[in-house]
Amino acid sequence: RLWITDMCTMENVNKLVITTISREMYIYDMSTKTYCVQYVLYDLDFVPLCLNYWYNKEDPGGKSLLIFGDDCGSLHILQFLTPLKGLFEAPSKKQEGHLKIGFKEIGIHSQKVVHSEWNNVHTDWIRKVVYIPETDYILSCSASSEQSMVLQDRLRKKKNYIFKVRKGISCFDYSRKLNVIVTGSTDHTVRLWNPYVENKATALLKGHQISILDVAIHEELGQVFSYSMDVVLKVFDLHTHACLQTVMLKFPRGSRPHDHGPFVLHLQTRVTNSLLVCSNDCIAELKFAHGINKLSNKAVQSHERSISCCVYNPQTHQVITGCEGSVVSIWDVNTGGIMLKLANAHNQQEITTMSIDTAGKRLLTGARNGNVKIWNFNNGHCLKILEAECEAEVTGIVAFSEKSAIYTVGWSKSITVYREDSDRFYLRPQAEWRGGNIHRDDILTAAYSPPNLLATASFDGEIIVWSTETQKTFRRFKSGTKSIRHRNNKRPSSRHYHDRPPNNGVSPVDKIIFLEARVKERRNDDCVLVSSESGHAYFWNLYGLAQCGGSFQTACRDGESVLAMTTDPQNRRLICGDTSGYIAVYDIKTYCTADNEKTPPKRLVAWHAHCAAVTSLELIDHEHGLFVASSSTDATVRLWTLHGHFVGTFGQDRQWDLGMWLRHFYE
């Protein structure tokens with residue numbers, strides 16, 4: 001009897017692959033009622049522990065991949081070149097039974113299959129491996145504390161991501177649609193990760209009392225299932241992170257311990273709409289309620305994926321949003337209806353930031369890979385592409401129409417300058433920023449105040465104010481504030497670091513804005529720059545003593561961060577959106593001004609606007625009054641009054657009329 005370590009199906013060729021501790025791999029033919037062994041790979045130098053198979057469903061006869069991890073921490077890839085014509089070379093002599101192939105002699109079959117090996121990817125057994133075709137990355141995990149989970153490029157040209165957990169990772173599940181990795185560990189904790197932020201998990205889901213055996217993501221419900229060795233199944237909500245249900249399973253084995261083997265959780269959503277929990281002796285089936293998938297989709301969503309950025313164009317009365325699914329949507333603020341949709345705007349790359357040029361005529365979007373595109377508002381035509389110097393996420397764009405210049409900032413730690421050329425579609429950086437690369441860490445946010453002030457802020461807490469005329473430093477602040485962020489604080493968007501440990505106790509600067517009404521007055525005692533750090537707002541003086549004039553908490557809950565801030569045109573009110581989904585409005589009319597007001601300003605109103613983190617806030621100065629547009633990782637864009645009254649969600653079936661809405665509201 002063989003001790004099976006894993007198995008997988010090769011659907012395009014009707015094969016079943018089984019690996020065993022005897023260092024062999026069995027490939028069965030499933031084209032008949034009785035499965036027969038067709039190939040046996042023997043004499044492996046390692047024990048294959050986990051398998052994953054991929055083929056292109058649009059081209060079943062094209063190249064396919066069989067990936068497996070071993071007990072030495074290495075990964076192996078068998079690339080079948082023409083799988084429909086045979087996985088291996090036919091034997092020269094006709095033989096009965098299955099074909100035995102020594103693994104060391106697999107080179108003889110190079111016309112059919114190519115083997116590649118990645119040594120020492122992990123320092124412990126590899127527990128699971130998954131291939132992600134959209135990005136050509138391979139994701140694997142082990143019990144190692146140093147290489148608990150590794151996300152690496154199959155062609156080894158892009159950056160690798162290494163995730164660390166003290167007791168390693170025993171299982172994981174990945175959702176491309178939700179852009180999340182869920183892991184389970186022997187420390188009884190379920191963790192949520194952004195695939196491209198390796199430093200710390202976005203959330204810790206606790207409740208299990210013993211080691212976790214498996215996890216599974218239900219994309220349609222937005223839920224994760226976790227199962228532990230004490231036969232306890234828990235259901236968590238991926239947005240609120242709350243435990244929705246706990247189920248104690250009862251297998252018919254009395255008090256004897258359960259042996260679940262390598263296959264534990266399996267979601268069967270298409271046929272039976274159920275969750276299977278498997279042990280070596282029996283299978284438990286948990287059926288979902290009828291119609292639950294339909295009910296889960298009734299909530300209005302503006303995008304299919306989490307929204308990372310939002311801007312407002314006052315000239316056209318349009319709200320523009322970008323999401324992790326590389327989609328740009330342009331909405332009519334008067335009705336909430338969509339006017340234009342740009343699908344796959346950045347070739348599947350997540351859109352991380354956007355802005356409108358100073359003339360209000362063009363839209364600029366930045367992506368995770370560092371590229372920036374310029375768009376025509378009217379027809380969605382791509383006018384130019386700004387190529388990146390390196391693959392580093394863009395977090396801020398400032399475009400000067402009158403100067404024909406564009407500045408971008410991001411994880412490259414520098415300000416990149418582009419000069420527009422009417423004859424060229426692709427633009428490369430044309431000049432160095434004369435101020436040099438002063439930031440020592442990734443730039444997370446930028447703000448511009450006419451006519452010549454540009455502020456940038458980085459993960460290490462440093463804020464630099466530049467003159468765009470001289471490209472030299474005007475003011476430089478090192479905040480030095482201690483981090484008060486809780487361990488399980490949720491950083492929602494990939495354009496920010498999800499709970500990366502603070503540098504030397506200094507908190508990252510999540511957002512900066514200028515108080516432009518104060519900038520125009522240029523009074524020495526007025527603080528004109530506001531930064532958001534660890535859920536607090538810090539007010540900075542530029543023209544007087546060049547120091548922090550005061551600070552107060554803007555997050556509605558302790559431990560949350562504020563990623564979005566904006567003000568009204570007169571800078572009387574500061575509007576903040578935090579990572580728990582709350583929006584709060586503060587009276588800052590006299591705060592940190594020549595009137596020497598240092599008392600923390602009054603919170604005028606606060607409301608729970610979203611069920612996930614607020615990523616952007618845009619103040620809309622409309623003919624009918626002041627409104628706020630908010631975007632969130634819950635995939636919605638919503639319109640509010642400054643008093644927190646809900647107007648609607650962009651994209652809802654029933655469109656609104658702002659003038660009519662206000663008349664009905666006040667009646």
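1. In this predicted model, the side chains of Asp-187 and Arg-191 meet in a salt bridge, with an N to O distance of 2.7 Å. Is Arg-191 buried or exposed? Arg-191 is buried, because its relative accessible area is 13% and the cut-off for buried is under 20%. The count of salt bridges in the model comes to 16.

2. Another salt bridge is formed by Glu-462 and Arg-476, whose closest N and O atoms are 2.4 Å apart. Glu-462 belongs to strand E39 (residues 462-467) and Arg-476 to strand E40 (residues 472-478), so this pair ties together parts that are 14 residues apart in sequence.

3. Glu-521 is partly exposed at 49% relative accessibility. Arg-523 is likewise partly exposed, with a relative accessible area of 38%. Salt bridges with shared partners also occur: they join Glu-350, Arg-368 and Glu-393 into one network.

4. Strand E29 covers residues 351-356. How much of strand E29 is buried? Of its 6 residues, 5 are buried, so the strand is largely enclosed by the rest of the structure. E29 pairs with strand E30 (residues 362-367) in the antiparallel sense, over 5 bridges. Within this pairing, Ser-355 stands opposite Leu-364 in E30.

5. The link between these two strands can be described as well. E29 and E30 form a hairpin, and 5 residues lie between them. Which residue in the turn has a positive phi? Gly-360 does, with a phi of about 70°. A reader following the two strands may also keep in mind a general point: in a regular strand the side chains alternate between the two faces of the sheet.

6. Phe-263 is located in the loop between strand E21 (243-248) and strand E22 (265-268). The relative accessible area of Phe-263 is 30%, which means that this residue is partly exposed.

7. A positive surface patch is also present. Which residues form the positive surface patch? They are Lys-403, Arg-419, Arg-434 and Lys-472. One of these residues, Arg-419, lies in strand E35 (residues 416-419). Arg-419 counts as partly exposed because its relative accessibility is 33%.

8. Asp-281 is found in a loop, between strand E23 (274-278) and strand E24 (283-287). Is Asp-281 buried or exposed? Its relative accessibility is 56%, so Asp-281 counts as exposed. What separation is found between the C-alpha atoms of Asp-281 and Arg-419? Those atoms are separated by 68 Å, and the two residues are 138 residues apart along the chain.

Technical notes. Residues are numbered from 1 along each chain as its sequence is written. This is a predicted model: local features need pLDDT of at least 70, side-chain atom pairs count only at pLDDT 80 or more; totals for chains, interfaces and linings use all residues. Side-chain values use heavy atoms; hydrogens and water are left out. Patches are made of residues with over 30% relative accessible area and no salt bridge: like charges are joined within 9 Å, nonpolar side chains (Val, Leu, Ile, Met, Phe, Trp, Tyr) within 5 Å. Accessible areas come from the Shrake-Rupley method with a 1.4 Å probe; for residues, only the protein chains shown count as cover. A salt bridge is a side-chain nitrogen of Lys or Arg within 4 Å of a carboxyl oxygen of Asp or Glu. Lys and Arg count as positive and Asp and Glu as negative; His and the chain ends are not counted. The place of a charge is taken as NZ of Lys, CZ of Arg, CG of Asp or CD of Glu. Helices (H or I, at least four residues) and strands (E, at least two) are DSSP runs, numbered from the N terminus. Buried means under 20% relative accessible area, exposed over 50%, partly exposed in between (1.4 Å probe, protein chains only). Two strands pair if DSSP finds at least two bridges between them.
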